[in-house]
Amino acid sequence: MSFTNQEKFVDSPRRWALRGDLLDFTAAPRWGDTESSAVRFDRGHWLLVEDGRIVGRQAAEPDATWVRKDHAGQLVLPGFIDTHVHCPQLEVIGSYGTELLDWLKRYTFPSECAFADPARSRAGAEVFLDALLASGTTSAVVFPTVHKVSAEALFGSAAARGMRLVTGKVLMDRHAPDGLRDDVVQAEKDCIDLISRFHGRDRLAYAVTVRFAPTSTPEQLAMAGALCRADASLYMQTHVAENRAEVAWVGELFPQARSYLDVYDAVGLVHERSVLAHGIYLDPHDRVVIADRGAQVAHCPSSNLFLGSGLFDWPGAAFNVSLASDVGGGTSLSLPRNMLDAYKIQALRGERMTAWAALHAATRGAAEALQLGGEIGGLSVGQTADICVWDWAAGPVAEARDAVARELHERVFAWMTLADERNLAACYVAGRPML
Ligand SMILES: [Zn+2]
């Protein structure tokens, strides 16, 4: 299914109600706890939705003035939040044979060049956002390309779908091929224009978007930091400490910096609205800085495994950790698929990640870290009705597994391990059906 314009979206009734097995979080679950008071599970309960917001959550069936959608026996979760993903990289997903720096040069940069064309940017944004929704992801923090039109296309397409989206034109003024570099003066003008047109409009927000330290000059990094300091409501997104060769390169390019993270911190880019992707090779001081600033790390498990980047120390993180697909380095937009990879990463480190830790990081945890907890990431009265309905099991193997699950964590963990977009039965954004 694809949506090419706003007219294709189906309008929903002003007041409607949905029944299912409601699961969300009231707090952060403790690492390792399979039984957690932070989990809120209401089997066969109703959510009441009015004008795109959740206005009730109850056991009792609502009266006949509410249009009813009965999903009894299905799992109802808040829409997932993917905190790090690249729109223009859909078509390089599953590219063979390289680590980060070669992978950028061989696959990613050539693909991103095409987004200079507004029509290509628009088509790419439409396909990308529909693919996110088809995976149960209703909010995202997204990298477009260096081209201003690629950010405009994402903002426009997200607004047409009513989605909560954080993005911004990528800043890169060196160590990138022709057609993918900007310069400090023009980039600053473009950012200011995009911020004035899109930041805070509908459900859109602007992120000052530094690709990563090697592709920005110190002057551009200083400009990016100044933008953040001038407006504390702006987000910031970038990559940090993903790969050993990358970390060594940053050390050569910025010999005065104490660490890779310090390159960003020294110019004011690490703050409570910063989303730092990866964070595998952080030292103890970096970890304290991230926690002190209130920033978050977007953990990208399938990307880290696929590119052979490394094993993220999640239980050792004293800062906010959210979950991200990092497509096209990641191999699936599906956050359940990424949750399974996160579990495997911790298993290789001798740890065990619960389904609660993963689901919280993809919903309430990400929302709180983005300072959007009142709007997204949960199924509470007052929040926007970004709601996904999932089959507990799809196909005979999953059905057999689900049938013998005894406790809630066992059942949800098996779901997380086996589910993908085929399990998604319905997806609502601000109360409107998207599937
Ligand atoms: Zn990335």
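Author: Glutamate 375 and arginine 203 are joined by a salt bridge between their side chains, at 2.8 Å from N to O. The term means a side-chain nitrogen of Lys or Arg within 4 Å of a carboxyl oxygen of Asp or Glu. Glutamate 375 sits in the loop between helix 12 (364–369) and strand 14, and arginine 203 in the loop between helix 4 and strand 9 (204–210), so the pair ties together parts that are 172 residues apart in sequence. Helices (H or I, at least four residues) and strands (E, at least two) are DSSP runs, numbered from the N terminus.

This is a predicted model, in which local features need pLDDT of at least 70 and side-chain atom pairs count only at pLDDT 80 or more, while totals for chains, interfaces and linings use all residues. Residues are numbered from 1 along each chain as its sequence is written, and side-chain values use heavy atoms, with hydrogens and water left out.

Are the two partners buried or exposed? Glutamate 375 is buried, at 16% relative accessibility. Arginine 203 is buried too, with a relative accessible area of 12%. Buried means under 20% relative accessible area, exposed means over 50%, and partly exposed is in between (1.4 Å probe, protein chains only).

Now take another salt bridge. Aspartate 193 pairs with arginine 197, and their closest N and O atoms are 2.8 Å apart. Both lie in helix 4 (residues 184–198), four residues apart, which is about one helical turn. Aspartate 193 is partly exposed, at 25% relative accessible area. Arginine 197 is partly exposed as well, at 35%.

Glutamate 368 is partly exposed, with a relative accessible area of 42%. Arginine 364 is partly exposed at 21%. The whole structure has 33 salt bridges.

Stay with the loop between helix 12 and strand 14. Glutamine 371 lies in this loop. Its phi is near 60 degrees, a positive value in a residue other than glycine. Most residues other than glycine have a negative phi, and most peptide bonds are trans. Glutamine 371 is partly exposed, at 35% relative accessibility.

Aspartate 326 lies in the loop between strand 13 and helix 10. It has a positive phi of about 45 degrees, although it is not a glycine. Aspartate 326 is buried, with a relative accessible area of 4%. A cis peptide bond joins valine 327 and glycine 328, with omega about 10 degrees. Glycine 328 is in the loop between strand 13 (320–323) and helix 10 (335–348).

The zinc ion is coordinated by His84 (NE2), His86 (NE2), His239 (NE2) and Asp326 (OD), at 2.1 to 2.3 Å. Histidine 86 is in strand 5 (residues 80–86) and histidine 239 in strand 10 (residues 235–240), so these two tie together parts that are 153 residues apart in sequence. Donors are N, O and S atoms within 2.8 Å of the metal (3.2 Å for Na, K and Ca); water is not among the atoms, so sites may look incomplete. The angles among the four donor atoms run from 89 to 169 degrees, and the site is irregular. Four donors count as tetrahedral if all angles lie between 85 and 135 degrees; four count as square planar and six as octahedral if opposite donors are over 155 degrees apart and all others between 65 and 115; anything else is irregular. Histidine 86 and histidine 239 are both buried.

Histidine 239 has a further link. Tyrosine 264 is in contact with His239, and its other contacts include Val210, Phe212 and Leu269, leaving aside neighbours within four places in sequence. Contact means heavy atoms within 4.5 Å.

Strand 14 (residues 387–390) runs antiparallel to strand 4, with four bridges between them. Two strands pair if DSSP finds at least two bridges between them. Proline 78 stands opposite isoleucine 387 in strand 14. Strand 4 (residues 67–78) also pairs with strand 1 (residues 15–25), in the parallel sense, over six bridges. Leucine 22 stands opposite valine 76 in strand 4.
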